[in-house]
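Thanks for coming. I will go through one protein this morning, with the structure on the screen.

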Amino acid sequence: MTVFLCKNGFDGILCGVYDIYASRLPLSDCSLELEREYEPLLFAQYREVPLEAWKAKRVAEKIKNFMSEESYVYLYRASLHKSPERGNWIFKFIALGLTAGRKVLGMLQNPAVYEVFQMNRYVGNEAHFLVEFLRFERLESGIYYGKVGPENQVLELVAVHFADRFPDMDWRIYDEKHRAAAFHASTGHWVIRENVEKETVEKWKGEGNSDAYVNMWKTFFHTIAIEERTNPRCQRTMLPLRYRKYMTEFQ
């Protein structure tokens, strides 16, 4: 078995797929793993995969043209999943898709297609939840700040939504679990930065917030509530507990 070790992220995985095919080794004897998340195997050979944009672009174009744009979106979202095995499932999906073509998404009986389908759905659902549950607070500097802690690396999906929703506002969204942050300027430009230090985030919070903005939201939340119709079980179904520590109205 030859294990190809790729960088984290969708481009890194696509580069790994390119190198596997370029190696001319039998696909059944190859595996694709993320270099920081794999479990070492006995008697396996390892090859490191460098991150090269042109390789990722070639594979991406192949997926879109030979399979479909929808398959590309599925694979991209699967690459954001928390599973350490996501790289290998994506490789197996692509290997099947290069044979089956546009029919691949309907082949749910295949383990690779099923796993990619499940990862895509899970990531999409979490991004949807965060878009609904993310709460901003207005810092005294005028910048709006929100914090999340998703299980998957969905910050980019969330940032895309708010960049469209609030294109003329300065805001920051911090993913404390993955130590990444999205920075959006009122000009409409935005960027995601990784390895954001805790001290940096504390500095943002140290700028202070607008109590009037926070209190207004809490007042609205409690005012529209109907005490006689409180249903904690239903609330937990619609609003999982793990999101509440980031929501203003529950603090």
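Four bridges join strand E1, residues 2–6, to E3, and the two run parallel; two strands count as paired if DSSP finds at least two bridges between them. Threonine 2 stands opposite glutamine 45 in E3. Helices (H or I, at least four residues) and strands (E, at least two) are DSSP runs, numbered from the N terminus.

This is a predicted model, where local features need pLDDT of at least 70, side-chain atom pairs count only at pLDDT 80 or more, and totals for chains, interfaces and linings use all residues. Residues are numbered from 1 along each chain as its sequence is written, and side-chain values use heavy atoms, with hydrogens and water left out.

The pLDDT, the predictor's confidence in each residue from 0 to 100, has a mean of 91 for the protein, and 97% of the residues reach 70 or more. Confidence is lowest in helix H8, residues 211–224, at a mean of 78, and highest in helix H3, residues 69–78, at 98.

Back to the strands. Three of them form an open sheet in the order E2-E1-E3, with parallel pairing. Strand E2 (30–34) and strand E3 (45–48) are the edges, each pairing on one side only. Helix H1, residues 10–23, packs on the sheet and touches E1, E2 and E3, contact being heavy atoms within 4.5 Å. The direction of H1 makes about 160° with that of E2; axes are lines fitted to C-alpha atoms, for helices over the stretch in contact, and angles run from 0 to 180 degrees between N-to-C directions.
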